Amino acid sequence: MNGMPYHSTGITRHVTSGYLRFHPMLTISLFVVALLSAMLPVVALNSLDLYVQAAKEGAAGQSGGYTYQISGGSNDVAEELRQQVQNGKAIGVKSTQGSVGLTSASGSSRNTIADITFLTGPSRYGTLIEGHQPSQKNEISLSRAAAEQIDAQLGDIVTVQCDDSALSSDYKLIGITVDAANTNTVYATAVSSKDNLQNIQMWLTDDDATVNQGEVAKESATNNVNIGYIKSTIRNAEETVRTRDLPGCQWYGIVLFLCLLCVHIAVMTAFFRAGQCSGDAVVEALVACGFPLTTSRWTVFRGLLICTIPGAAIGIAAGYAVFGLSYRTIGSIFAQYWEWQPSATSLLSIFFVAAILLCSLCLTWLVLFFRMSFKHDITTRNALWYIIPSSAVLLFSCVAIERYHAAAWPFGGSVGSVMGACALGPMLLSLPWLFRTPAQCSAVERTRSLSAPICALALLLLGVSSLFSGQMMIATGNSDNGLFIADYLTQDDLNYLAGKYPETLDKAVVLTAPDESRHLVRAATSHAYDCVTQHGSDDADCYSDSDNETTVMLVDSNSSLAGKTNDVHIAEGGNAGIILIDPTTQKITQAAQVPTEGTDSLLNDYTMPGVVLGIDSPQAKTLGLAPSNRHTLVITDFPSIASGVRDSIRSDIINRCGYAFITEHDTTSYRSYMARAIAMPALATIISGLTFAALAISTRQSQSALRWTLQEFGASRFQLMRLFRPLGITMSLGSTIAVFLGWLGSHPWIIAPANEFGTTGWWWLIPLPVIFIETALFCWWFSLPERRNQWPSDSPSHITGP
């Protein structure tokens, strides 16, 4: 055997295959893990992509499918758009609720209540799944849910009944559609005569000239006409899905990657370490037979490749096959309609699986075979090289955080948190163990060159995650004021919402914007009004300060808000200054003081108007204010409404009124900040936990000879566990201090408390329970004695001679 060439592959192949046959269960387990971990990303990532795509397609379908939605405006705008309808450049739309029914040959009828949309031209509502979209007079399409409820088939004559007798008629069913984002939606889309839709207030068009020229363009500049863009509707729907339905979805792939990576490394390590005939024993035997160390290691390690690479390849193929057969079923679980075809995007899962496999193999090689060759004398001098620099850095970080809290160093919190967390690892690994037992000193000295930088990186990540989480929670703002505000709604929109959500709309406040086609109406602070009075009503400089500007809205004269103002825009004597501005010249044309009924705290919110006047009030008539078709819906206690109803209201406004603008505390930005505040500590927990685990495994391997020596002298399990204490305290105490430093650096609310600063939340604490549990498990593992077959070959028990 000593004369055997190192490149002899025949023997190493037999050794590899023999090792696999000797561990059949581990071999099968490794193959199955590789297969499943390849299938899961293929199915999960493609499902995530189709979920978002269905939401976008549903939003486009329910908003009409045309480039522009136009609503509001004066009679001149309505007349211009009616002319465009006659010319075939625009389509009139009217939405209502009504009955859709079908009478069978036997005379029995089946009816259902549906949201009905009447058009003057071709429909693009919904996703077509059967037949074709209605385009001619008296043609109709039904959603799949509506068709199933009345048992309708293509070619049937469907009877529609609604509050408009001209539209209540029989229609021929020529298409079945579905709302891709919610397949349970019951709706119908019908094409009626252009003469039947004279009172419509919404139009659809693809013509750029229609929205950029004429009265539409003129009044849209003064917000008297609302124009919604299908691209904005799709973008808002996508943002809503990613932040509400799938908060933190940008982290899903990373978390899945790290979890599968951890599983791969654990199974591969078990494959190499398990049993009496472990990989270490085989490597030692091959080295004893004259093979190089690297070749010996590769002989066993390539058994991992034999199991994982075919398993991953079969898993990828199986994943695409399973997904191709079941994507419709998966979509139906989420009440969505999915369409899928292999594309470049869908094939990204292959690279995802390949990255997992490559990283897991590389990290497993390091975990199994990396050994520290550095040795130091056990002296205080060696430890001081770590203690002095790390202590200096930690001291500076404390000063930086204190200066940040004193509002002296703006970036002191971030810098101090990062530097302090980074310095904790080397300091804790060195400081407590200078004068401990020789065994502990030896254990630390053997691994400190590796463990100090690794602990520094892990604790740095924990500190940064805590800092980031606190800052994201601060960014969410103050407590919820409960307001839900939907601006730029038309009267038809309000009628639809009132018919579908009568109880909610009865308690809501509806504000109406004044017609601003002739002049812009603004409320002025007392300072701005006095400036106008003194320098002339044409002096726009008096009203150039944005702090002075606020809108004026109209409301039903019987409303409690009629005649009210906020705390800023009420002058002495209870009056409010109103200024009218020419929209063309931007010059102030008129200023007047109008009496008010006092203040209302609701108007102090920055999203609300500064002054509200009754539509029929003397103040509005004196100023010549006429209501427009732009309305603002204000629901004052939105969180008290059932979650399903809230989501439905929000979805209806986003999809059906693409021109509307929603303001609420529970916004997409709020959800995004909250998701980040949770995702970052969770991600740091996974990465730091895996890092500490790999370091602990490597540490125990490097201590094997020392542990065996201690066992020979009768060391107890507690004494063996003490070898882990330097690393264990660095993991637990270091993690605690690191996240605490990050929390301190996230916001100066301790020294400079103020309610508007908000709160840092508690998500920054996520890593600590996991790290504590991990530390406890490793304490138990380190207390276990070395097994006989793990003892090093140079130990005294293997020496038979004198």
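Reply: Tyr488 is placed in strand 11 (residues 484–489), where helices (H or I, at least four residues) and strands (E, at least two) are DSSP runs numbered from the N terminus. Although Tyr488 is not a glycine, its phi is positive, at about 65°. This is a predicted model, in which local features need pLDDT of at least 70 and side-chain atom pairs count only at pLDDT 80 or more, while totals for chains, interfaces and linings use all residues. Residues are numbered from 1 along each chain as its sequence is written, and side-chain values use heavy atoms, with hydrogens and water left out.

A positive phi also occurs at Asp151, about 55°, although Asp151 is not a glycine. Asp151 belongs to the loop between helix 4 (144–150) and strand 6 (157–161). It counts as partly exposed because its relative accessibility is 46%; buried means under 20% relative accessible area, exposed over 50%, and partly exposed in between (1.4 Å probe, protein chains only).

Strand 13 spans residues 520–524, and five of its five residues are buried. In a regular strand the side chains alternate between the two faces of the sheet. In strand 13, Leu520, Arg522 and Ala524 lie on one side, with Val521 and Ala523 on the other, and both faces are covered.

Strand 13 has pairing partners, two strands being paired if DSSP finds at least two bridges between them. With strand 16 (residues 575–581) the pairing is antiparallel and runs over five bridges; here Leu520 stands opposite Ile581. With strand 14 (residues 550–555), also antiparallel, there are two bridges, and Arg522 faces Thr551 across that pairing.

Another arginine, Arg297, sits in helix 10 (residues 293–333). It counts as buried because its relative accessibility is 19%. Leaving aside residues up to four places away in sequence, Arg297 touches Val283, Trp365 and Phe369, a contact being heavy atoms within 4.5 Å.

Confidence is expressed as pLDDT, the predictor's confidence in each residue from 0 to 100. The protein chain averages 79, and 84% of the residues score at least 70. Over residues 372–380 pLDDT stays under 50, and the model has 18 contacts beyond four places in sequence for them. Where pLDDT is low, the predicted coordinates should not be read in detail.
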